[in-house]
Amino acid sequence: MPAGKPAGVRCVNLGEDLRCQTYDIRPAVCREFKAASDTCGASHADAIILIGELERQTRTDA
Ligand code: SF4
């Protein structure tokens with residue numbers, strides 16, 4: 001996504017299997033992201049809730 005991934009928008013590189021389709025050449029921000037409990041919780045379900053809330057809080061188009 002040339003201008004970056006807006007909050008609340010699914011990354012175009014995310015496959016239906018929830019895997020990055022450009023993993024080997026993913027952007028630096030993705031390479032540098034480190035999963036942490038305050039961001040990702042303890043499960044996929046936790047991560048969806050926590051990251052979803054972060055995205056809602058940082059949306060600039062609402
Ligand atoms: S790692 Fe980055 S490029 Fe890949 S799907 Fe996730 S947000 Fe998109």
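The model is a predicted one, in which local features need pLDDT of at least 70 and side-chain atom pairs count only at pLDDT 80 or more, whereas totals for chains, interfaces and linings use all residues. Residues are numbered from 1 along each chain as its sequence is written, and side-chain values use heavy atoms, with hydrogens and water left out.

**Overall fold**

- The secondary structure of the protein chain comes to three helices and zero strands, where helices (H or I, at least four residues) and strands (E, at least two) are DSSP runs numbered from the N terminus.
- Read along the sequence, the protein chain has the pattern α-α-α, and its C-alpha trace spans about 30 × 25 × 25 Å along the principal axes.
- Of the 62 residues in the protein chain, 13% are buried; buried means under 20% relative accessible area, exposed over 50%, and partly exposed in between, with a 1.4 Å probe and protein chains only.
- Among the contacts in the protein chain with a separation of 6 or more, residues 24 or more positions apart account for 21%, a contact meaning heavy atoms within 4.5 Å.

- The residues around the ligand are Cys11, Asn13, Leu14, Cys20, Pro27 and Cys30, a residue being near a molecule if one of its heavy atoms lies within 4 Å of it.
- By class, this shell around the ligand has five nonpolar residues, one polar residue and no charged residues; Ala, Val, Leu, Ile, Met, Phe, Trp, Tyr, Cys and Pro count as nonpolar, Asp, Glu, Lys and Arg as charged, and the others, Gly among them, as polar.
- The ligand takes up the space of the largest pocket, in the sense that more than half of its atoms lie within 2 Å of the grid points.
- On a 1 Å grid over the protein atoms alone, a pocket is an open set of points with protein on both sides within 12 Å along at least five of seven lines, whereas a cavity is a set where a 1.4 Å probe fits but cannot get out, and lining residues have an atom within 4 Å of a point.
- The largest pocket is lined by 32 residues, of which Lys5, Cys11, Leu14, Cys30 and Ile51 lie nearest its centre.
- Two or more residues of this lining come from each of helix 1 (28-32), helix 2 and helix 3 (44-58), and helix 3 gives the most, with eight residues.
- The lining of the largest pocket has 20 nonpolar, seven polar and five charged residues.

**Single residues**

- Thr39 is found in helix 2 (residues 37-40) and counts as buried at 17% relative accessibility; leaving out residues up to four places away in sequence, Thr39 touches Phe33, Ala47, Leu50, Ile51 and Leu54.
- Gly15 lies in the segment before helix 1 and is buried, with a relative accessible area of 9%, while its contacts, not counting residues up to four places away in sequence, are with Arg10 and Gln21.
- Gly8 also has its place in the segment before helix 1, counts as partly exposed at 47% relative accessibility, and is in contact with Glu55 and Arg59 once neighbours within four places in sequence are left aside.
- The C-alpha atoms of Gly8 and Ile25 are separated by 23 Å, with the two residues 17 residues apart along the chain.
- Leu18, found in the segment before helix 1, has a positive phi of about 65° although it is not a glycine.
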